[in-house]
Amino acid sequence: MARELLKGNEAIAEAAIRAGLQAYFGYPITPQTELLEWMSKRMPELGRAFVQAESELAAINMVYGAACTGARVMTSSSSPGISLMMEGISYIIGTEVPAVLVDVMRGGPGLGNIAPAQSDYNQIVHGGGHGDYHLIVLAPASVQEAVDLTVLAFDLAEKYRTIAVVLLDGSLGQMMEPAELPPMRPVKTVYPEWAATGMMGKREKNILTSIYLNPPDEEQTNLRLLRRWQEVEANEIRFKEYFMDDARYVVVGFGSAGRVALSAVRAARAEGIPVGLLRPITLSPFPYTHIRKLAERVEGFLVVEMNSGQMLEDVRLAVSGQKPVEFYGRLGGVMPFPDEILAEIQRIASGGLTLEGHPRERWLQRMNGKN
């Protein structure tokens, strides 16, 4: 199909529809409201379900109920709205039903602002709801990737009976870029055996629940979820690398921060600095093993994020103290410029790497010197 000029939020919505979305439940919140608005027009046109719920709490519980029928369902929100959904997310995971969640992040904490940030990393990647669980988290860096990963999210959610999250910041939701939409898939007519499809008298009851009052039963459920997550880790880790063949330094960034970092890496390469970029696409499962292998041959890492260093801790865990890790972040909806990241690359290439102290503390000292 031909490429079109598409706005990120609208492209995600249309991609979900073309992936066979049957029901959408949501509540407006900037900077993702265009996604909901697109759904409000397109879903009824196609005879599919669209509900603007009275709150994010209501929306996630509507998703929960619809997911139990085996239908393709989704919701979307932004940071404080996602916070309100956490209990429902845990219930969906505990019940082992598939759903897709889109989080278009904004500045925080609190109500924050509507500017782009990456401060939901811990909330989404490490789980804000109660219990032992993991979400599949996909992080696009362009409108085209947002389209492609939205389609993938539905397939992964159904394959592993879990929630797959498309995690992006407000800039990607609001920007317009050329992108190619997927062909329209038919809406499913055959449902999985576990689904609650109203087949009274035609089969045994399907009981879907996240309540296991007997501790050994709850333990078995958690072990089942853990074994399934091991399958996800074995099969679904995704990342992209740039200029890594001869790299002595590695910049690690996801989403928009990774995209900006790529411009800085190209500029550093033009200066003869042997630096490469690793951009994780699956934040969960995270590419720990790959980063650990990189640490065996490079001199150090620079983590770039639009937060105070949340993915930083996963990179440090992967590196395991083998090599220095540095950090550069912008907060509260402020996006980094390529020149800022280039200056950090130049600093570490000129001997600015150290194993002493915590990289966040060193970064704060440098920020305090500037402000």
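Helices α10 and α13 sit oblique to each other, because angles under 35 degrees count as roughly parallel, over 145 as roughly antiparallel, 65 to 115 as roughly perpendicular and the rest as oblique. Their packing angle is about 55°, with the axes 8 Å apart. This is a predicted model, where local features need pLDDT of at least 70 and side-chain atom pairs pLDDT 80 or more, while totals for chains, interfaces and linings use all residues. Residues are numbered from 1 along each chain as its sequence is written, and side-chain values use heavy atoms, leaving out hydrogens and water.

**α10 against α13**

- The pair consists of α10 (residues 255–270) and α13 (residues 338–349); helices are DSSP runs of H or I with at least four residues, strands are E runs of at least two, and both are numbered from the N terminus.
- Axes here are lines fitted to C-alpha atoms, for helices over the stretch in contact, with angles from 0 to 180 degrees between N-to-C directions.
- α10 passes α13 in a right-handed crossing (near helix turned clockwise from the far one by less than a right angle; anticlockwise is left-handed).
- On the α10 side, the contact (heavy atoms within 4.5 Å) uses Val260, Ala261, Ser263, Ala264, Val265, Ala267 and Ala268, and α13 brings Pro338, Ile341, Leu342 and Ile345.
- Sorted by class, that makes ten nonpolar residues, one polar and no charged ones (nonpolar: Ala, Val, Leu, Ile, Met, Phe, Trp, Tyr, Cys and Pro; charged: Asp, Glu, Lys and Arg; polar: the others, Gly among them).

**α3 against α5**

- α3 (residues 56–67) and α5 (residues 86–95) pack at about 10°, with axes 9 Å apart, so α3 runs roughly parallel to α5.
- The crossing of α3 past α5 is left-handed.
- Ile60, Val63 and Tyr64 of α3 meet Gly88, Ile89, Tyr91, Ile92 and Thr95 of α5.
- The tally for this contact is six nonpolar, two polar and no charged residues.

**Nonpolar cores**

- The largest nonpolar core has 80 residues, and Phe301 and Ile345 touch the most other members. A core is a set of buried Ala, Val, Leu, Ile, Met, Phe, Trp, Tyr and Cys residues joined through side-chain atoms within 4.5 Å.
- Leaving out residues up to four places away in sequence, Ile345 touches Val251, Ala264, Val265, Ala268, Ile273, Val275 and Leu302.
- A second, separate core holds 40 residues, including Ala11, Tyr24, Leu35 and Val102.

- Most residues other than glycine have a negative phi, and most peptide bonds are trans.
- Thr30 to Pro31 is a cis peptide bond, with omega near 10°; Pro31 belongs to the loop between β2 (23–26) and α2 (33–45).
- Ser284 to Pro285 is also cis, with omega near 5°, and Pro285 is in the loop between β12 (282–284) and α11 (288–295).
- Arg161, not a glycine, has a positive phi of about 50°. Its loop runs between α7 (143–160) and β7 (163–169), and 23% relative accessibility makes Arg161 partly exposed (buried is under 20% relative accessible area, exposed over 50%, partly exposed in between; 1.4 Å probe, protein chains only).
- Ser320 has a positive phi too, near 55°, in the loop between α12 (311–319) and β14 (325–329).

**Ser78**

- Ser78 is in the loop between β4 (73–77) and α4 (79–84) and counts as buried, at 0% relative accessibility.
- Ser78 and Asp103 are 25 residues apart along the chain, yet their C-alpha atoms are separated by 5.2 Å.
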